[in-house]
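Good morning, and thank you for the time on today's agenda.

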Amino acid sequence: MKIRQLEAFRAIMLHQTVTLASEMLHISQPATTRLLSDLETSLGFKLFDRVKGRLHPTVEAQALFEEVQRSLAGVDRIARAADEIRNLSRGTLQIAAAPAIALSFLPHAIADFLKTRPEAYASLAVHSSRSVVDMVIGQRCDIGFARLTMNHASAHGERLVSAKMVCALPVGHRLCALDMIRPTDLAGERFVAHQRSVDARMQIDSLFASHGVELNLQTESQVSHAICSFVEAGAGVSLIDAITAWGYRGNGVVFKPFEPVLTTDFALLTPSNRPAPLLLKPFISHVRKFALAELGPGVVAEW
């Protein structure tokens with residue numbers, strides 16, 4: 001038995017004539033008749049009695065029809081799934097990202113991407129940038145987003161955005177009255193720092209040292225979102241990437257522009273040997289467009 005024979009049988013059962021069944025199947029009447037005849041031959045029993053030009057199903061046909069309906073319903077689901085995959089509305093994306101982007105911008109970009117793809121599925125794993133790179137190299141994700149400087153694009157990695165750093169201040173702080181914060185403004189202030197394993201820490205330390213400003217370090221964290229929470233809790237002030245600032249939902253922090261400009265680069269990485277899902281290319285395109293539309297010049301120093 002072939003699926004096309006079963007489809008012809010179902011069409012004839014539903015319409016009771018070869019003419020209407022052929023229209024349903026978009027084939028000729030002789031082709032439909034041949035499919036039915038071949039099915040009866042393979043089954044070894046008759047499915048229809050022909051009376052005055054109409055087909056009347058036998059008892060055996062009625063019994064077979066219920067099973068054929070169930071089976072072809074599964075085939076129809078497979079066909080619909082294939083169409084959805086081909087049309088990029090179904091699929092799975094395994095995404096790994098550093099906290100600075102995974103806890104701010106990226107969930108908004110993913111949610112916007114899935115709005116028009118109800119059958120698609122995305123998994124977002126949050127890891128350090130170093131772990132994200134390891135996951136990409138180890139083929140354990142479809143795409144990775146890491147805090148990583150990439151001056152030149154390659155086949156499997158490129159810069160997504162270079163984000164400015166801004167000054168995070170608790171609401172009501174004396175510096176909130178300024179339009180621009182500079183290193184000397186933070187002299188004597190308690191400062192919430194990035195951990196030394198984060199590249200931004202070296203940038204910030206070097207900048208303040210060059211201005212002769214000694215930071216009063218009392219708390220630190222490797223997670224940008226946690227640094228903002230420290231600031232909101234009154235633990236001090238800090239410099240934070242503008243993408244984290246854009247996505248931070250606390251009400252107790254004010255973000256102010258900072259000079260001289262410091263930037264944090266975020267890169268997107270794809271595995272070299274892992275087969276790429278069809279959704280990956282449109283997803284990358286969507287993330288870029290979403291970033292351009294949502295972040296704006298106040299956040300982005302360079303694309």
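Let me begin with S104. Leaving aside neighbours within four places in sequence, S104 is in contact with I243, T244, W246 and G247. Please bear in mind that this is a predicted model. S104 is found in the loop between α5, residues 99-102, and α6, residues 105-114. Is S104 buried or exposed? Its relative accessibility is 2%, and the cut-off for buried is under 20%, so S104 counts as buried. The side chain of S104 also has a polar atom that lies 2.6 Å from the backbone oxygen of A100.

W246, one of the contacts of S104, has a further partner. The charged end of R249 sits over the ring of W246, 5.8 Å from the centre of that ring.

I turn now to the aromatic residues. How many aromatic pairs does the structure hold? The number is nine. Elsewhere, F9, F48 and F65 form one aromatic cluster.

The next topic is strand β6, residues 157-170. Twelve of its 14 residues are buried, so β6 is largely enclosed by the rest of the structure. Which strands does it pair with? With β11, residues 263-269, β6 pairs in the antiparallel sense over seven bridges, and K164 stands opposite T263 there. Five bridges join β6 to β10, residues 253-257, again antiparallel; here C167 stands opposite K256. With β9, residues 238-241, there are four bridges in the antiparallel sense, and V166 stands opposite I240. Two bridges join β6 to β12, residues 300-302, which also run antiparallel, and the bridge partner of A163 in β12 is V300.

Finally, the cysteines. A disulfide is a covalent bond between the sulfur atoms of two cysteines. How many disulfides are counted here? The count comes to zero. C167 is in no disulfide, and the nearest cysteine sulfur, that of C176, is 8.7 Å away. C167 is buried, with a relative accessible area of 0%.

Key. Residues numbered from 1 in each chain as written. Predicted model: local features only at pLDDT ≥ 70, side-chain atom pairs only at ≥ 80, totals over all residues. Heavy atoms only, no water. Buried < 20%, exposed > 50% of the residue type's maximum accessible area, 1.4 Å probe, protein only. Polar contact = N/O pair within 3.5 Å; in protein donor to acceptor, adjacent residues only side chain to side chain. Contact = heavy atoms within 4.5 Å. Phe/Tyr/Trp six-rings, centres within 6.5 Å; stacked < 30°, edge-to-face > 60°. Lys NZ or Arg CZ within 6 Å of the ring centre and 35° of its normal. Disulfide = S-S within 2.5 Å. Pairing = 2+ DSSP bridges.
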